[in-house]
Amino acid sequence: MVYKTIDEANQAVAAKIVAGSPFLLDVVPAKTVIEELNDGKVLLHAGPPITYDKMVDPIQGACVGAVLFEEWCETEEEARKLLESGEVKLIPCHHVNAVGPMGGITSGNMAVLVVENKTDGNRAFCTMNEGIGAVLRFGAYSEEVITRLRWMRDTLAPVLSAALKTKEDGLNINVLVAKAIAMGDEFHQRNIAASLAFLKEMAPIIVGLTEIDQTKREEVVQFLADTDQFFLNIMMASAKAVMDGARQIQEGTIVTAMCRNGYEFGIRIAGMGDEWFTGPVNTPQGLYFSGFSEADAAPDMGDSAITETFGVGGMAMIAAPAVTRFVGSGGFYDALNTSNEMTEICIDTNPNFPVPTWDFKGICLGIDARKVVETGILPVINTGIANKKAGLGQIGAGTVTPPIDCFEKAVLAYAKKLGFTE
């Protein structure tokens with residue numbers, strides 16, 4: 001279909017976002033659903049395309065961890081030599097219908113969530129949340145990290161897979177999001193309610209899986225109970241599935257992806273398909289854990305900004321006033337001001353997810369790159385802050401914005417495509 005105006009195309013894209021219907025179907029080894037991971041030594045990473053030598057230390061560390069997890073090498077030294085040789089192929093998660101938190105490093109035998117957007121029939125994938133502390137996504141690669149990843153592969157994934165398969169259509173994610181947003185989650189830095197709602201759905205089923213060893217079932221229930229951010233990765237895969245369904249309309253200026261790799265920030269817009277528009281990545285501003293400061297922080301990284309692209313996270317700050325203190329953004333009225341300002345760069349609100357603390361207005365819908373350029377208002381992204389040294393993990397939480405260059409480049413490119421510029 002050809003749309004008469006950009007506004008008409010944008011409304012069509014927004015309508016597909018509203019119509020999106022993500023369901024969590026399964027948890028499987030990544031290589032069984034992402035064909036590219038079967039082509040030799042391949043790792044997926046967050047953000048737009050990047051080479052190993054340009055990766056910041058935490059992402060290089062995560063690559064080392066993935067190499068050790070896959071048993072391509074036995075030592076860190078061997079792993080680094082392998083990565084520096086160029087023998088390991090690096091592919092952005094977004095290029096294979098996936099997303100990844102922080103470094104986003106994903107290998108073939110890691111377990112991934114499988115989410116299907118039943119409206120458009122497309123699927124998206126994301127690794128599961130590892131919990132807090134020393135974790136791969138922040139660049140840790142100790143034996144503790146590798147052991148946990150193997151437990152997630154061998155125990156967590158099979159148990160959740162079995163539980164999900166008892167649901168004929170999978171788990172309706174929109175229902176959980178609608179519940180949790182009314183309970184104070186914004187789905188980027190705060191997922192407590194959604195994670196508990198997920199546990200509420202899964203625990204009775206897991207208990208009934210008597211064909212699985214009881215110890216394994218108990219371990220899984222305990223891990224889910226302990227992991228407040230478990231739902232984040234489900235939200236990421238769901239947002240990716242919905243936004244990929246929406247960008248089947250390849251017209252207009254609605255932003256369909258935002259991501260960062262520690263070096264560049266990249267966006268896509270509907271009218272330019274798979275093309276990335278990039279600019280230098282910023283460093284988050286926020287609150288640091290005791291003993292750390294901005295001098296210790298790594299530049300912004302991760303595909304988790306797909307949540308803001310969808311309309312939650314920093315775009316829905318008002319839904320989670322409690323998170324404003326955690327990310328250093330003030331209090332209730334600061335959250336209100338942030339969300340009100342975000343409406344100035346979006347074309348509508350999403351009626352599927354009303355926010356009680358916003359007088360039941362729906363979350364922001366459809367970031368319009370033109371509005372960003374016109375107003376100079378940048379999307380606000382809630383994010384964890386990684387130590388700039390691999391393996392030291394999260395050192396704080398805050399907010400970050402994209403460089404405006406991304407949006408200017410995207411709008412100019414689309415104008416040129418339409419014949420508006422030389």
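1. F360 is found in the loop between β13 and β14. This is a predicted model, and in it F360 has a positive phi of about 65° although it is not a glycine. Most residues other than glycine have a negative phi. Is F360 buried or exposed? At 57% relative accessibility, F360 counts as exposed, because the cut-off for that class is over 50%.

2. D359 lies in the loop between β13 (346–355) and β14 (361–367) as well. Phi of D359 is near 55°, again a positive value in a residue other than glycine. The relative accessible area of D359 is 70%, so D359 is exposed. When you look at this loop, take D359 and F360 together.

3. Next, the overall layout. The protein chain is divided into domain 1, residues 6–233, and domain 2, residues 250–418. The contact takes 47 residues from domain 1 and 66 residues from domain 2. Between the C-alpha centres of domain 1 and domain 2 the distance is 21 Å.

4. The largest nonpolar core has 136 residues. Which of them touch the most other members? They are M128, L160, F198, F231, I267 and F310. Domain 1 and domain 2 each give this core at least three residues. Another core lies apart from it and has 13 residues, including V42, C93, V96 and V114.

5. Set aside the neighbours of F198 within four places in sequence. F198 is then in contact with L24, L160, L171, L176, L224, F230, F231 and I234. Two of these partners, L160 and F231, are listed with F198 among the core members that touch the most others.

6. N387 sits in the loop between β15 (381–386) and β16 (394–400). Is N387 buried or exposed? The relative accessible area of N387 is 4%, and the limit for buried is under 20%, so N387 is buried. The side chain of N387 reaches the backbone nitrogen of K389 at 2.9 Å. Beyond four places in sequence, the residues in contact with N387 are P58, F292, D296, A298, L392, G393 and I395.

7. Now the open space. The largest pocket has a volume of about 630 Å³. The pocket is lined by 30 residues, and G131, I132, R137, Q229 and Q394 are the closest to its centre. Which element supplies the largest share of the lining? It is α7, with three residues. At least two lining residues come from each of α7 (214–226), α10 (321–326) and β15.

8. How many cavities of 30 Å³ or more does a search of the whole structure find? The search finds one. About 190 Å³ of space lies in the largest cavity. Its lining has 18 residues, and those nearest the centre are M110, T127, M128, E130 and L149. Helix α4, residues 143–164, gives the most to this lining, with three residues.

9. Last, V207. It lies in helix α6, residues 192–207. V207 is exposed, because its relative accessible area of 54% is over 50%. V207 and V221 are 14 residues apart in sequence. In space, V207 and V221 are 8.7 Å apart, C-alpha to C-alpha.

Terms used
Residues numbered from 1 in each chain as written. Predicted model: local features only at pLDDT ≥ 70, side-chain atom pairs only at ≥ 80, totals over all residues. Heavy atoms only, no water. Core = buried A, V, L, I, M, F, W, Y, C linked by side-chain atoms within 4.5 Å. Buried < 20%, exposed > 50% of the residue type's maximum accessible area, 1.4 Å probe, protein only. Domains from an automatic or database assignment. Contact = heavy atoms within 4.5 Å. Helix = DSSP H or I, 4+ residues; strand = E, 2+ residues; numbered from the N terminus. Polar contact = N/O pair within 3.5 Å; in protein donor to acceptor, adjacent residues only side chain to side chain. 1 Å grid on protein atoms, 1.4 Å probe; cavity = no way out; pocket = protein on both sides within 12 Å on 5 of 7 lines; lining within 4 Å. Points joined across faces, edges and corners; volume = space filled by probe spheres on them.
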